[in-house]
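Please look over the structure shown here. A short report on its packing and its side-chain links comes after it.

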Amino acid sequence: MEIQTVDRHDRISDKELLQLQLQLQLQLQQQQQHSYYFGFDLRSSPQEDVAQYLPFLQYLERVTGYSFKLHFTPKNSSTVDELGQNKTQFSAMGATSLLKAQSKYQVVSLVRGINNQGKASYQSVFVVKASSRISNIDDVKGLKLAFGGRDSTQGHLIPRIMIVENDFSLKDVKSYVYTGSHQNCAEAVIAGKVDVCGMQDQLAEKLVDQGLLKIIHRSSDYPSSGIVVNKTVPAKVAAKVKQALLDFEPEGKDSEGLYHWEFTEMPKGFVAASENDYKNLQQWMFRLGFLKGNNEHVQEAVK
């Protein structure tokens, strides 16, 4: 073992110290330039969502070379505002959040999720307890109804559309509450706190298979959730991330390390988004008061 003698009088010069400081600042800036925060609409429990998204973000890091950090939306904010105010740069969003973010902050939709049937669409369902005598949507009148989050497409917007399509309104139910997530909504039904829940189809079907819930009504197909980017992200970065998303094969080469990706809203990966994907839902949002004014602009997707 070689012992080195250190000269206590050997000091780094001010010029050398300044150069080191500049190098460290440059390295930090480069790291920050290549590091992005990823937000998400709460779908299940926070623990379950994190377990699903973290391996997915690791995939994006491997393919793009950028660093991604998962970002939790504070209770006093929203995924829309976090993205628009650049606290996140990318986000997994349903149509409701996306269209609000496009209207307010001009965000861009990159891709949409592909479901288990190979379609870039999903449904909402009304569910009741498995033992309930309630059998169809007409029976919902006069009952206690629950939704997921206020900005949820499958947990609020589409169930509201189903209500209108079946010729009744919220005035016809005994009461209604917002539970914050699809999981909470389902649990409210299972616990007997409410009679009916409007929620997303994938989780509902899982709970039906477990003998906990019964589906009494299904919606039409609507464009699925996807990944969006805010306008501060350079075009070449957004394009590289988009290509990585399109190349993602969760049932094939990229399956290793993923956590129950089959229960997400994009179990078979992604397709490119287009500017007309959410036109129909946008019109419903105006009609139901989710969006104000007559803005029909939908930001063009990244080419």
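The report below covers a predicted model, going from its cores to one helix and then to its cross-links.

## Nonpolar cores

The largest nonpolar core has 30 residues. Within this core, F38, F56, F90 and L245 touch the most other members. At least two core residues come from each of β1 (35-40), α2 (46-64), β2 (67-70), β3 (90-93), β4 (108-113), β12 (226-229) and α8 (235-247). Helix α2 gives the largest share, six residues.

A second, separate core holds 23 residues, including A95, Y105, I158 and W284.

## Helix α5

Helix α5 spans residues 153-165. Of its 13 residues, 11 are buried, so the helix is largely enclosed by the rest of the structure. The buried set runs through T153, Q154, G155, H156, L157, I158, P159, R160, I161, M162 and I163. One of these, I158, also belongs to the second core.

S152 caps the N-terminal end of α5. A side-chain oxygen of S152 lies 2.8 Å from the backbone nitrogen of G155. After the helix comes D167, with a positive phi near 60 degrees.

## The disulfide

The whole structure has one disulfide. It joins C185 and C197, with the sulfur atoms 2.2 Å apart. C185 sits in helix α6 (residues 182-190) and C197 in strand β9 (residues 196-200), 12 residues apart.

The S-S torsion of C185 and C197 is about 130 degrees, so the disulfide is right-handed. C185 is buried at 0% relative accessibility. C197 is also buried, at 0%.

## Salt bridges

A search of the whole structure gives eight salt bridges. One pairs D151 with K100, the closest N and O atoms being 2.5 Å apart. D151 lies in the loop between β7 (144-147) and α5, while K100 is in helix α4 (residues 95-105), 51 residues apart. D151 is partly exposed at 27%, and K100 is partly exposed at 21%.

R112 and D277 form another, at 3.0 Å from N to O. This pair links strand β4 to the loop between β13 (270-272) and α9 (279-288), 165 residues apart. Both ends are buried: R112 has a relative accessible area of 12%, and D277 has 16%. R218 meets E205 at 2.9 Å between the closest N and O atoms. R218 is in strand β10 and E205 in helix α7, so the bridge ties together parts 13 residues apart in sequence. R218 is partly exposed at 37%, as is E205 at 29%.

Terms used: Residues numbered from 1 in each chain as written. Predicted model: local features only at pLDDT ≥ 70, side-chain atom pairs only at ≥ 80, totals over all residues. Heavy atoms only, no water. Buried < 20%, exposed > 50% of the residue type's maximum accessible area, 1.4 Å probe, protein only. Helix = DSSP H or I, 4+ residues; strand = E, 2+ residues; numbered from the N terminus. Polar contact = N/O pair within 3.5 Å; in protein donor to acceptor, adjacent residues only side chain to side chain. Core = buried A, V, L, I, M, F, W, Y, C linked by side-chain atoms within 4.5 Å. Disulfide = S-S within 2.5 Å. Salt bridge = Lys/Arg side-chain N within 4 Å of Asp/Glu carboxyl O.
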